[in-house]
Amino acid sequence: MKCEEIQGMISQFNDGSLDTEKEAFIFTHMSECPECRAFLRSINLLSFSAQTEDFYFPAELDEKIISRTEKRKEKKHINIFTVKYPAYVSFSFGAIVILLLVLLFKSTLEYKQELHEAMENMQQQNKQIQMILNSYPEIQVYPKQANEIMVNTKL
Ligand SMILES: [Zn+2]
């Protein structure tokens, strides 16, 4: 008997449609034929996995999986700018922006203040220089004689 015929009977056996008296015959063949043993193993594995798929993946689960996959696909298409962030996220972001603006404004004010102070210092120094110049003692020219004019002068 050819292996092809035996394998036909093997698939019948796997389906449970083989006559019981033929079972001994195919098993005797398979004990000597590794090819047919491999055939039984492969069709048995196929039917087993088909059965387990039926068992583990009922129709409603399929639907769930499909709908979930579709939801995931939908989520992937959402633009980050259209995503509604939670209120606290937008709030803290806004707070940070305001804080930065305040800091920037404050530092500008401080810079202005420093500039103003520097100018005031310069003016003060100018005044001091003027005062120092003015504070030089008067040059006094004293008369040698009583009728001479006394001259007071400032630099
Ligand atoms: Zn064979």
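Tutor: A crossing is left-handed if the near helix is turned anticlockwise from the far one by less than a right angle, and right-handed if clockwise. Helices (H or I, at least four residues) are DSSP runs, numbered from the N terminus. By that rule, α1 passes α2 in a left-handed crossing. This is a predicted model: local features need pLDDT of at least 70, side-chain atom pairs count only at pLDDT 80 or more, and totals for chains, interfaces and linings use all residues. Residues are numbered from 1 along each chain as its sequence is written. The axes of α1 (residues 3-15) and α2 (residues 20-32), lines fitted to C-alpha atoms over the stretch in contact, come within 10 Å and cross at roughly 125 degrees. Ile6, Met9, Ile10 and Phe13 of α1 meet Lys22, Glu23, Ile26 and His29 of α2, contact requiring C-beta atoms, placed from the backbone, within 7 Å. An α-helix has 3.6 residues a turn, so residues three or four places apart point the same way. After α1 comes glycine 16, with a positive phi near 90 degrees. As for pLDDT, the predictor's confidence in each residue from 0 to 100, α1 has the highest mean among the elements of the protein chain, 92.

Note on methods: Axes fitted to C-alpha atoms, helices over the stretch in contact; angles between N-to-C directions. Helix = DSSP H or I, 4+ residues; strand = E, 2+ residues; numbered from the N terminus. Contact = placed C-beta atoms within 7 Å.
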